[in-house]
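Here is a short briefing on one protein chain. Look at the model first, then read on.

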Amino acid sequence: MRVLLCEDQEVFRLGLRVVLETQPDMAVVAETSHVAEALDVVDGPGAQVIVVAQGLVGPSGVPLLRSLCQRGTGVLVLAETRARGDAGLIEVLQAGVRGVLPRRSAAQSLVDAVRSLARQETALDAAVTSQLVRHLTGDAEPVGAGGRAVDQLTERQRDVALLVAEGLSNEEIAGRLFLSPATVKSHLTAVLRRLDIRTRTQLAILVNRDQEPAA
C-alpha cells in the first residue's frame, strides 16, 4: 500500500512514517506539508491513501480533497478533536473523505484505518462520528446512552465483535475475514478498550444483548 503523508510538523510526520513503515505491506512514497502538492504525487509516483492533518485543509483545501477522492484515492484526515462539532469535518466528509481519526490516535488505529481505506472501506472513529452526529442533530446526549455497543466501533471492529459473539476463536475469525490472527487480536484489544470491558465473554454478552428485540 502506497501512502502519502501531508503534515506540516516534521516530528509528527516522522512518527507517522515510522509507524506505517514498520508494516510489511506499507510504504510511504512521499511527504508534503501542503494539500495542493498531493495532486502531483497522485499523478506521479501514485498513492493509494493520503494521511492529512485537518489543520492543513482549510476552505481552499476542501475542493482539493474532493478531487483526490474522485480519483479513487483514500483520504484519512487526522482531526483536531478539541474542536467539538467542527463544521470543517462535515465539509471534508461531504467532499468524499471516508476516513477520520483523532490526531492523537493509537498507532494500531492509524494502521487499521490506512488498510481499510486501501480496501475502499470507511475508517471513521466512533468518537469523531458521534461528535459530528451531535453537531448535525443538536443532540448533546453522549454516545452509548441508550445506543448499541457496536455502534461505537469501526466497521472492522464491529465485524470482529459480532463474530466473537457467535463464539468463533481468533483463528476462525481471521479465516472468515481474511485477516491474520495477529490483526484480529489487535482489533479485539481495541474493541475491549473502547467498550471498557475486559474479556471476550463480556463482549459476547454485550453484543448479544444489543441484538435482542426490544420488549
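How many nonpolar, polar and charged residues are in the lining of the largest pocket? The lining has 9 nonpolar, 12 polar and 9 charged residues. Nonpolar means Ala, Val, Leu, Ile, Met, Phe, Trp, Tyr, Cys and Pro; charged means Asp, Glu, Lys and Arg; the others, Gly among them, are polar.

This is a predicted model, where local features need pLDDT of at least 70, side-chain atom pairs count only at pLDDT 80 or more, and totals for chains, interfaces and linings use all residues. Residues are numbered from 1 along each chain as its sequence is written, and side-chain values use heavy atoms, without hydrogens and water.

**The chain**
- The protein chain has 10 helices and 6 strands; these are DSSP runs (helices H or I, at least four residues; strands E, at least two), numbered from the N terminus.
- Of its 215 residues, 48% are buried (buried is under 20% relative accessible area, exposed over 50%, partly exposed in between, with a 1.4 Å probe and protein chains only).

**The largest pocket**
- Domain 1 (2–137) and domain 2 (149–211) both give residues to the lining, so the largest pocket lies between them. The domain bounds come from an automatic or database domain assignment.
- H9 gives the most to this lining, with 7 residues.

**Positive phi**
- Glutamine 120 is not a glycine, yet its phi is positive, near 70°. Glutamine 120 lies in the loop between helix H5 (107–118) and strand S6 (123–124).
- Phenylalanine 178 also has a positive phi, of about 60°. Its loop runs between helix H8 (170–177) and helix H9 (181–195).
- Phenylalanine 178 counts as exposed because its relative accessibility is 77%.
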